[in-house]
Amino acid sequence: FRLMNGSDSCSGRVELQWLYREWGTVCDLYWDLRDATVLCQQLGCGEAVAVPGKAWFGQGSGPVRADVFECRGNESHFSHCAVSSWGRAVCSHGQDAGVICSAYQLSLRLVGAGGDCAGRLEVYHKGSWGTVCDDSWDLADSQVVCSQLQCGMPLSAPVLASFSQGTGPIWLDEVGCLGNESSLWECPSAGWGQHDCGHKEDVRILCSGKTAIF
């Protein structure tokens, strides 16, 4: 197994090499947090914190494994997990599974408002901090970010970055959280770097852990 196209070796698209043949990807249909936990531990990356699907880390190549991995989460190696239906290709690369392990470096922050729980939303990807576009952004998305940062509840989801605009890449657009996800990486989006925005549309968030007003 390996993780590809993440910001470090402890996050990325799940890929496996079966019987020393070409590398392929894993379908997100049957991939869950227990499977990911075993993989993270095997890779020396701690526990699994999220299993973003729908090719969050980009589409891979080669065969797509739509197998049912039946890990309990306490196995010491992925080879100890039961597997059924090897080679049953019913998924496309648009369903490539991903993993984010607990050893993954800080990848989300709010900046520009004098505290950790309010400001412009920035995410870390491929060695650079970038912003998130406000297209489709609402309080459900802010709820996930505030919770992930341990900053309480969202008090506001301001969408006009009239000041404190970001610079550099705009990493995410069209984010569509339901509000009950454990991290932003579980929410669908247009994909890394796919957007039609300028920095005037950078997302800003005010969480209850911060009392200052923009």
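**A tour of the salt bridges**

Start with Arg-2, which is partly exposed at 28% relative accessibility (buried is under 20% relative accessible area, exposed over 50%, partly exposed in between, using a 1.4 Å probe and protein chains only). This is a predicted model, where local features need pLDDT of at least 70, side-chain atom pairs count only at pLDDT 80 or more, and totals for chains, interfaces and linings use all residues. Residues are numbered from 1 along each chain as its sequence is written, and side-chain values use heavy atoms, with hydrogens and water left out.

Arg-2 and Glu-15 form a salt bridge, with their closest N and O atoms 2.8 Å apart (a side-chain nitrogen of Lys or Arg within 4 Å of a carboxyl oxygen of Asp or Glu). The pair links distant parts of the chain: Arg-2 sits in strand E1 (residues 2–5) and Glu-15 in strand E2 (residues 11–17), 13 residues apart. Strands here are DSSP runs of at least two residues, and helices (H or I) of at least four, numbered from the N terminus. Glu-15 is buried, at 5% relative accessible area.

Next, select Arg-109 and Glu-122. Their salt bridge has its closest N and O atoms 2.7 Å apart. Arg-109 lies in strand E9 (residues 108–112), Glu-122 in strand E10 (residues 118–125). Arg-109 is partly exposed at 30%; Glu-122 is buried at 6%.

Arg-120 is buried, with a relative accessible area of 10%.

How many salt bridges does the whole structure hold? A search finds six.
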